[in-house]
Structure formats: C-alpha cells, structure tokens
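Open the model in your viewer and keep the sequence panel beside it. The tour goes from one selection to the next and says what is there at each stop.

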Amino acid sequence: MHRVRTLALAAALLSACTLDPGKLDPRRSASAVCPVLFDQVVAKFQACEGLAPYYADRMFAATRASCSLVSAGEAAGRIGYDRAVADACLAALDPASGCASLSACDAPPFVGQVTAGGTCYDQIECAAGLTCSRPEVSGACPGTCKAPGAVGARCLALDPPCDDTSYCDTTPVVPTCAARAGLGQPCSSTIPCAPHLGCVQLTVLQCVSEGGLGAPCSSTAPCDSSLGLYCDANALPATCKAISTRQAQGQSCAYPNTCGPGLFCDPSQVCQAELAVGAACAYYGCQPPARCVLDSAGATTSHCVKPLAEGQACTPGLRACEIGLYCAALPGGAACTRFPGVGGLCGALSGEDVGCLDGWCNLGTGSGGTIGTCTAWLASGASCTSDAQCGGGGIGATGAQCVFVAGAAGRICLAACVP
C-alpha cells in the first residue's frame with residue numbers, strides 16, 4: 001500500500017536528522033498515541049480477519065476522525081491520558097502476539113476529565129460513571145456529563161442510562177427508570193433482577209442469588225455474570241469460573257472464547273489447536289486469517305482456506321472473499337469484487353452479504369426485504385428508523401444517531417457533536 005512506502009520514506013528522512021527521541025515518542029500524549037493505536041488495531045484486524053487492502057485503507061482514514069476528537073478534547077482539558085494502559089494495549093497489538101484476545105485493549109487509554117455538570121462533546125470526555133447527555137428538546141451541542149438515572153428518572157434516547165439498581169421501563173409514554181426485581185421477586189426478559197441476582201425458572205421466573213468464583217452452579221443456580229463468571233457445565237461438579245481465564249489445549253471451553261492463544265473450542269467444547277490452511281474443518285477453528293469454507297456449492301465438506309483477494313475467481317455463496325469484497329457474477333466469470341457505493345445493489349446477493357461503502361442499504365420490498373440499494377445517509381433532522389440510515393457506525397460513517405427528541409414526530413437523525 002502507499003501507506004507503507006510513505007512510512008519508509010519518513011523513517012529514512014528522520015534517520016538523517018539529529019532529534020530528541022523524547023519528542024518522537026508516539027506515546028507521550030493522547031493525541032500522539034491515538035493514530036498509532038488505531039493504525040495498529042486496523043493492522044491487527046487485517047492480519048487476523050483478512051481485510052481487502054482498499055477496505056483497510058478506508059478504516060485507517062476513518063480512525064483519523066476519532067483522533068481529531070481526542071486531540072481537541074485533550075487540548076481543552078476534557079480528556080486525560082493513561083500511558084500504562086496504552087503501553088499494555090500496544091504490546092497486545094504487536095504482530096508477534098498473534099491473533100489472541102485483545103483484552104488489554106478493552107479499556108482505552110483516554111480518560112475523561114469532565115465531572116458532573118460539565119460540558120462535553122462525546123462520551124469519552126466524561127469522568128468514569130458519567131454519560132455525555134445532550135438537551136432532549138433540541139439535541140443541540142454541546143452536552144453535559146450526568147450521573148446515571150435513579151428510580152423515577154427519565155430515560156429517553158439522549159438521557160443518561162439508568163443506574164445499576166434500576167432499568168429503563170419503556171411501557172409508559174415517557175420511558176422512566178424503574179426498580180429492578182429483588183431476591184425472590186418475579187422477573188422476565190423485560191424486568192431484570194438487581195445486581196448479583198439471576199432470573200431463573202423455578203415454579204415461576206424469579207430472582208435468585210448468583211454464585212461466586214468456585215461455587216457450584218446449575219441451570220437454577222447461576223454464576224455472578226457481573227463478576228465475569230460463567231458456569232462450566234463440563235466440570236465435575238459444574239463450577240463457576242472466570243471468563244477471563246484462558247483454558248489450555250484439552251481443557252473444557254463451555255464458555256465461548258475462553259481457549260488460550262492458538263486454540264479454538266471444538267464442537268465437543270474442548271480446546272484444540274487451530275487448523276492450518278488445507279485442513280478439514282467444521283464451520284470454524286481455522287488459524288487466522290484462514291476461514292472454514294465449503295469445498296463447492298452444495299458440498300458437505302469444508303476446508304480451511306485463505307480469504308480470496310480482489311479479482312480472484314470465486315464461487316458465489318461460499319463467502320470466501322476478503323472482508324470488504326463479495327463474490328459477484330461478472331461477464332467474465334464470478335470474481336471477488338468491492339462493496340458498492342451509493343446506487344449499487346446490496347443485501348443478500350447470490351448467497352453473499354453485500355454491504356455499502358458509503359450510505360446505508362435500503363432494502364426493497366419486492367425482494368422480500370433481502371435485496372436493496374445503497375442509499376446516501378439521511379440529513380440531520382430527517383425522519384429515520386435506525387442509526388444506519390443517519391450514518392451511525394460502519395466505515396466512513398458520520399457518527400450520527402437516530403433518536404427520539406422531545407417535540408419531534410417520531411425518531412430523527414441527529415448529527416454527532418463536533419468540538
């Protein structure tokens with residue numbers, strides 16, 4: 001990619017100069033580390049998932065918008081920086097670390113500095129436990145950092161979420177935080193239990209105490225999920241274990257993604273070594289970036305295959321192309337092709353999931369809602385039904401949301417705050 005040549009040129013120029021190494025350290029501040037961190041995240045994703053190069057370049061470009069927000073927040077004192085967290089994350093992103101879980105990058109090194117009642121443009125600027133809430137009547141910028149809502153507080157789209165003791169009850173005309181169910185009380189998918197309680201089926205659905213690390217467990221004696229525990233039903237007896245504990249080869253993996261580096265959880269829920277390219281597989285388990293692909297259309301056998309690059313011949317429906325590509329039926333034969341822009345077809349095409357490079361997939365009704373057209377994002381203030389229509393999420397998205405704003409007739413697109 002051009003990016004690689006640019007970096008090589010920059011390194012050559014710097015090597016000819018005498019500079020203070022401290023001034024070149026990309027981890028000296030939040031604004032300096034941000035592009036380095038995001039570049040490494042995209043590079044790791046590309047190496048482990050099989051991204052088409054052009055798609056990776058778009059991801060590199062999209063991260064710059066996030067970094068401009070970090071830079072502005074840091075300059076204004078709204079964002080702080082934890083270098084130790086950045087160091088741990090960058091170490092996990094090192095190519096030598098392989099494609100293991102990036103748990104060291106779960107928490108960003110950017111630390112919100114704005115206290116309750118202070119001005120904010122994004123959630124990242126608020127101190128721990130606070131939410132950047134914009135005015136419900138207008139949705140105008142900037143917002144205000146607010147504490148979670150207690151019982152009785154309003155919980156519309158732009159309000160802070162409810163605190164741990166309550167949940168957002170959407171049955172009233174104005175959604176309001178209501179108390180969670182207590183020990184022994186009825187519960188359901190819409191009425192959750194209080195912290196450290198689980199909703200299980202006894203004579204009726206009701207809240208019971210959750211077990212701690214090492215406690216026996218069952219379908220009626222759950223483990224405390226708020227502590228990151230799960231019930232390993234393969235153990236004798238079944239025991240509460242930590243999700244973060246990585247299991248070794250041959251050990252039980254009753255909870256997804258608990259196998260250690262270079263391992264996968266096989267259908268019998270035992271950790272096994274990842275499969276090399278060419279090995280027979282069953283749906284998953286291939287060594288990244290290889291994936292388990294049917295040998296041909298209608299076949300019952302699969303093998304680990306390296307994702308196909310742009311322009312390579314392919315078979316529609318097998319989903320063997322790199323991410324950002326799909327197998328398109330072309331005059332010269334089917335080949336891996338880039339996702340379309342505005343105006344192109346999207347959705348379920350020839351058994352492939354076809355996304356849009358820009359805009360959203362407006363599914364048609366004539367095809368049963370499975371095939372649509374890539375459509376430009378709606379303008380701020382336009383009526384909407386999902387964030388995708390407004391530019392929320394995805395490569396090149398604007399960060400806009402589809403929300404209820406007081407006084408509006410239904411949900412409308414609301415642009416992201418920009419400092």
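Start by selecting E125 and R78, whose side chains meet in a salt bridge with an N to O distance of 2.9 Å. This is a predicted model. The pair links distant parts of the chain, 47 residues apart: E125 sits in the loop between β3 (119-120) and β4 (131-133), and R78 in the loop between α4 and β1 (79-81). Colour the two by accessibility. E125 has a relative accessible area of 0% and is buried. R78 is at 14%; the cut-off for buried is under 20%, so R78 counts as buried.

**Helix α4**

Now select α4 itself, residues 53-75. How far apart are its end C-alpha atoms? They are 33 Å apart, which agrees with the 33 Å that 23 residues should span at 1.5 Å a residue.

Next select α3, residues 30-49. Its 20 residues should span 28 Å at 1.5 Å a residue, and the end C-alpha atoms are 27 Å apart, in agreement with that figure. The buried residues here are A30, A32, V33, C34, L37, D39, V42, K44 and C48. Just after α3, G50 has a positive phi of about 85°.

Two links join α3 and α4. For one of them, select R64 and D39, whose side chains form a salt bridge at 3.2 Å, N to O. R64 lies in α4 and D39 in α3, so the pair ties together parts that are 25 residues apart in sequence. Are these two residues buried or exposed? R64 is partly exposed, with a relative accessible area of 38%, whereas D39 counts as buried at 11%.

For the other link, select C34 and C67, which are joined by a disulfide with an S to S distance of 2.3 Å. The torsion about the S-S bond is about -90°, so this disulfide is left-handed. C34 lies in α3 and C67 in α4, so the pair ties together parts that are 33 residues apart in sequence. C34 is buried at 0% relative accessibility, and C67 is buried at 6%.

**A hairpin and another salt bridge**

Move on to D159 and R154, another salt bridge, with N to O at 2.9 Å. D159 is buried, at 13% relative accessible area, and R154 is partly exposed, at 37%. If you search the whole structure for such pairs, eight salt bridges turn up.

Then select strands β6 (residues 166-169) and β7 (residues 176-179), which run antiparallel and are joined by four bridges. They form a hairpin, with six residues between the strands. At one of the bridges, D169 is partnered by T176 in β7.

**Disulfide C281-C292**

Select C281 and C292, where a disulfide has its sulfur atoms 2.0 Å apart. With an S-S torsion of about 100°, this disulfide is right-handed. C281 lies in strand β14 (residues 280-281) and C292 in strand β15 (residues 291-294), so the pair ties together parts that are 11 residues apart in sequence. Both cysteines are buried.

**The four-stranded sheet**

For the last stop, select β19 to β22. In what order do the four strands lie? They form an open sheet in the order β20-β19-β22-β21, with antiparallel pairing. The edge strands, β20 (352-354) and β21 (360-363), each pair on one side only. From one strand to the next the twist averages 30°.

Zoom in on β19 (residues 345-349) and β22 (residues 371-375), which pair over three bridges. Here G347 stands opposite I371 in β22.

Finally, select C356 and C374, joined by a disulfide at 2.2 Å, S to S. The S-S torsion is about -90°, so the disulfide is left-handed. C356 lies in the loop between β20 and β21 and C374 in strand β22, so the pair ties together parts that are 18 residues apart in sequence. C356 and C374 are buried. To carry on alone, look for the rest of the disulfides: the whole structure holds 22.

Technical notes:
Residues are numbered from 1 along each chain as its sequence is written. This is a predicted model: local features need pLDDT of at least 70, side-chain atom pairs count only at pLDDT 80 or more; totals for chains, interfaces and linings use all residues. Side-chain values use heavy atoms; hydrogens and water are left out. The expected span of a helix is 1.5 Å times one less than its number of residues. Buried means under 20% relative accessible area, exposed over 50%, partly exposed in between (1.4 Å probe, protein chains only). Two strands pair if DSSP finds at least two bridges between them. Axes are lines fitted to C-alpha atoms, for helices over the stretch in contact, and angles run from 0 to 180 degrees between N-to-C directions. A salt bridge is a side-chain nitrogen of Lys or Arg within 4 Å of a carboxyl oxygen of Asp or Glu. A disulfide is a pair of cysteine sulfur atoms within 2.5 Å.
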